[in-house]
Amino acid sequence: MITRRPRAIETVFLDAGGVLVHPNWTRVADALVERGVATSAAALAAAEPHAKREMDLATLMARTDDRQRGWIYFESVLRHAGLDASTAAAGEALAEVRAYHDAHNVWEHVPDDVVPMLAGLRALGVRLVVVSNANGRLHTMFDRVGLTPHVDEILDSHDFGVEKPDPRLFHLALAASGS
């Protein structure tokens, strides 16, 4: 009987948003509070899993792009935090967050365990490729938050004009990884 030794993992593909970086809920809460909407970063963070679940169950993927889904997602977070996303104050706060996101990318919070995890994978000789639906600011944001040195490749869907789940982005990621 011939036994095969399992092939070592050579490359790990990672998403950015919700995996390596998360929304800066402090920035979002501050924008709301400045407009008289009582909330906290903790309340928004606690509402996020409910909004994610709602997004996963929704039929939004086929009829929207990442830019549209992002703001539907933020409105869902506000709703799950017990806030009325349709108020003028909430709308103004989200417009401020959107402007910041367009310039910098608001998915900028790096949990404490991310860099050690990436370092551990790199120590095993694993290539790390980030494949993310983003807004063209992913590279700059990774530089700003210190993640760039910890990954081998960063693919921002905006740069390619195609986003997940389109197989073309995954083919590009495979080519970038050398796989």
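Which residues does F142 touch, not counting residues up to four places away in sequence? In this predicted model, F142 touches A16, L20, V21, V130, L147, T148, V151 and I154, where contact means heavy atoms within 4.5 Å.

**Basis of the model**

Residues are numbered from 1 along each chain as its sequence is written, and side-chain values use heavy atoms, with hydrogens and water left out. Because the model is predicted, local features need pLDDT of at least 70 and side-chain atom pairs count only at pLDDT 80 or more, while totals for chains, interfaces and linings use all residues.

The mean pLDDT of the protein is 90, and 89% of its residues reach 70 or more; pLDDT is the predictor's confidence in each residue, from 0 to 100. Confidence is highest in α1, at a mean of 98, and lowest in α3, at 84. Where pLDDT is low, the predicted coordinates should not be read in detail.

**Overall architecture**

The protein contains 8 helices and 5 strands, arranged along the sequence as β-β-α-α-α-α-β-α-β-α-β-α-α. Helices (H or I, at least four residues) and strands (E, at least two) are DSSP runs, numbered from the N terminus. Of the 179 residues, 39% count as buried; buried means under 20% relative accessible area, exposed over 50%, and partly exposed in between, with a 1.4 Å probe and protein chains only. Among contacts between residues at least 6 apart in sequence, 69% join residues at least 24 apart.

**The nonpolar cores**

A nonpolar core is a set of buried Ala, Val, Leu, Ile, Met, Phe, Trp, Tyr and Cys residues joined through side-chain atoms within 4.5 Å. The largest such core has 42 residues, of which L32, L44, F74 and F142 touch the most other members. At least two residues of this core come from each of α1 (25–33), α2 (41–57), α3 (66–80), α4, α5 (114–123), β4 and α6. The greatest contribution is that of α4, with 6 residues. A second, separate core of 6 residues includes V129, V131, L155 and V162.

At 1.5 Å a residue, the 17 residues of α4 should span 24 Å, and its end C-alpha atoms are 24 Å apart, which agrees; the expected span is 1.5 Å times one less than the number of residues. The buried residues of α4 are A89, A90, A93, L94, V97, Y100 and H101. They cover an arc of only 125° around the axis, which puts them on the same side of α4; the arc is that of the directions from the helix axis to the C-beta atoms.

In α6 (residues 138–145), L138, M141 and F142 are buried. Seen down the axis of α6, these buried residues fall within an arc of 100°, so they line one face of the helix. They pack against α4 (88–104), β3 (107–109), β4 (127–132) and β5 (153–156). G146 follows α6 and has a positive phi, near 85°.

**Backbone geometry and individual sites**

Most residues other than glycine have a negative phi, and most peptide bonds are trans. N105, in the loop between α4 and β3, has a positive phi near 90° although it is a residue other than glycine. A cis peptide bond with omega of about 15° joins K164 and P165, and P165 lies in the loop between α7 and α8 (167–177).

| Residue | Relative accessibility | Class |
|---|---|---|
| S157 | 3% | buried |
| N105 | 3% | buried |
| E10 | 44% | partly exposed |

S157 belongs to helix α7 (residues 157–160). Its side chain reaches the backbone nitrogen of A134 at 3.1 Å, a polar contact being a pair of N or O atoms within 3.5 Å; within protein, one must be able to donate a hydrogen and the other to accept it, and residues adjacent in sequence count only if both atoms are side-chain atoms. Leaving aside neighbours within four places in sequence, S157 is in contact with S132, N133, A134, V162, E163 and L169.

E10 is found in the segment before β1 (11–14). E10 and G125 are 115 residues apart in sequence, and their C-alpha atoms are 7.2 Å apart in space. With neighbours within four places in sequence left aside, E10 is in contact with G125, V126 and R127.
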